[in-house]
Amino acid sequence: MSGARIVAYDVLRDVVDRDAYANLALASRIRTARLDSRDAGLATELAAGTLRGLGRIDRIIELAAGRQAAEIDPVALNVLRLGAHQLLSMRTAAHAAVHESVELQRRVGNERAAGFVNGVLREIGRATPEEWDERIVAEAKTPDDALAARASHPAWVLRALRDALRAEGREAEIEALLDTNNASPRVNLALLEGAGITSQELAAVEPDLFDAVCVSAIGLELLGGDPARAMATAEEQASVPAGLLRVQDQGSQLAALALVRATPVAEGERWLDLCAGPGGKTAILGAEALVEGATVRANEVSEHRADLVRDSVSGVDALPGEAIEVVSHDGREEEAFGCGPGGHELYDRILVDAPCSGLGALRRRPEARWRKQPGDLPELTALQAELLDAAAAHLKPGGVLAYVTCSPHLAETRVGVDRALKRHPELRELDAKAAVRAAAREDEQPELAGEQLSAQLWPHRHGTDAMFVSLLTRES
Ligand SMILES: C[S@@+](CC[C@H](N)C(=O)[O-])C[C@H]1O[C@@H](n2cnc3c(N)ncnc32)[C@H](O)[C@@H]1O
């Protein structure tokens with residue numbers, strides 16, 4: 001019985017039965033089990049792949065078992081899910097997947113259910129994955145249900161993603177997007193200003209570790225292996241200061257850089273990151289601010305996440321220059337902006353990286369699609385509007401406000417921006433597409449569709465999370 005399979009089973013149970021976050025559970029279980037990097041990779045693919053595919057996998061298990069998933073013993077169901085994922089998506093040899101799953105059932109559950117696990121997985125192994133997909137599609141009630149079942153997304157998420165693509169005339173790309181959401185993304189890194197070496201130079205020094213052919217001007221892709229080890233190698237071999245090479249999605253990099261590239265920066269500018277935790281974009285802004293002669297204040301409502309921001313910017317803070325101020329307040333309150341009684345602080349650039357549904361990062365958060373509900377949206381969009389209003393009130397004339405979400409859901413993107421523009425006639429939208437292009441590598445310019453000035457990035461097109469960026473300025 002391989003350690004990887006036991007870790008994957010434990011993670012599945014942590015996430016499905018105990019509401020844990022898959023990425024945190026994986027890191028902790030892999031560490032405790034002391035898996036080597038090969039087994040860690042296998043455990044990650046088993047657990048994350050099973051969680052992404054849960055909708056499709058459960059449907060197929062139900063057909064093969066002849067009963068509803070809710071009627072199956074929870075331990076055996078999780079064992080079956082891992083086994084089915086190996087048979088349907090990892091193309092593990094059927095005898096190996098069945099044998100390992102039966103052994104796993106004996107180890108973590110009761111012996112009596114081992115025969116049931118054996119029977120259901122053998123039944124699944126009798127047809128090809130394509131034949132199973134035909135069966136689940138055939139019994140779906142609507143075409144949306146059929147696509148949602150095959151591509152393992154809740155139908156409401158599928159519709160929200162398709163609406164956002166349709167707004168750009170790209171509705172036909174929905175299947176490509178859903179398939180990309182189901183694949184493990186490469187680890188992306190950002191190499192911050194102040195590192196003394198560009199991302200292209202670092203990739204040239206360590207060609208076995210990094211590839212710099214990617215969309216963000218400061219981005220790198222990890223070619224494989226452990227990110228922590230790769231970062232340590234960059235420190236040792238290329239003298240990259242600690243904390244300046246960081247794991248970060250490239251869409252997230254482009255969103256932060258777009259705020260800086262939107263207009264020329266003047267010496268002494270004051271920047272505010274209103275919803276900063278855990279601080280990925282704050283670190284980029286801090287490093288850029290050192291070069292541009294600006295200062296950064298980062299605010300985050302949660303004390304714990306404000307501590308994560310402090311950790312995140314420690315590498316930038318160690319560079320000579322102005323330190324980044326990190327505070328913890330509700331971004332809708334005056335204190336977040338550093339206003340004393342009667343005072344009214346204004347900023348040249350404000351980032352509102354708003355709390356959102358996260359539907360743009362489904363690749364990276366394997367369980368997220370099953371946890372979100374359409375009912376979450378009204379509360380989120382109300383909070384996004386209030387944070388935007390508070391930021392607008394503290395934007396200098398001629399300043400730039402970046403409204404960013406890690407979601408392409410129209411209610412959180414265009415609709416939110418259009419409503420804000422109606423509430424604030426003093427605001428005008430800038431060309432975010434141009435700013436995102438200015439943040440991208442010259443030879444990897446992202447193709448950004450749609451007539452609006454805002455920019456929507458897509459996993460299947462740009463290899464990034466589906467980040468949305470709108471840039472607003474206050475008329476002088
Ligand atoms: C999308 S995340 C920001 C990600 C971050 N900018 C980064 O790149 O690492 C949104 C953050 O907003 C915080 N938040 C939620 N409500 C808030 C509020 N009322 N005021 C300020 N921050 C808030 C959340 O705790 C969360 O850390």
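Tutor: Start with a term. A crossing is left-handed if the near helix is turned anticlockwise from the far one by less than a right angle, and right-handed if clockwise. Helices are DSSP runs of H or I with at least four residues, strands are runs of E with at least two, and both are numbered from the N terminus. This is a predicted model: local features need pLDDT of at least 70, side-chain atom pairs count only at pLDDT 80 or more, and totals for chains, interfaces and linings use all residues. Residues are numbered from 1 along each chain as its sequence is written.

Student: Which hand does the crossing of α14 and α15 have?

Tutor: α14 and α15 cross in a right-handed way.

Student: What describes two packed helices?

Tutor: The angle between their axes and the distance between the axes. Here α14 (residues 250-261) packs on α15 (residues 280-292) at about 40°, and the axes are 9 Å apart. Axes are lines fitted to C-alpha atoms over the stretch in contact, and angles run from 0 to 180 degrees between N-to-C directions. α14 and α15 are therefore oblique to each other. Under 35 degrees counts as roughly parallel, over 145 as roughly antiparallel, 65 to 115 as roughly perpendicular, and the rest as oblique.

Student: Which residues meet?

Tutor: Contact means C-beta atoms, placed from the backbone, within 7 Å. From α14 come S252, Q253, A255, A256, L257 and V260; from α15 come G280, K281, I284, L285 and E288. Six residues of this contact are nonpolar, three polar and two charged.

Student: How many helices and strands does the chain have?

Tutor: The chain has 22 helices and twelve strands. Its C-alpha atoms fill a box of roughly 70 × 50 × 45 Å along the principal axes.

Methods:
Contact = placed C-beta atoms within 7 Å. Nonpolar A, V, L, I, M, F, W, Y, C, P; charged D, E, K, R; others polar.
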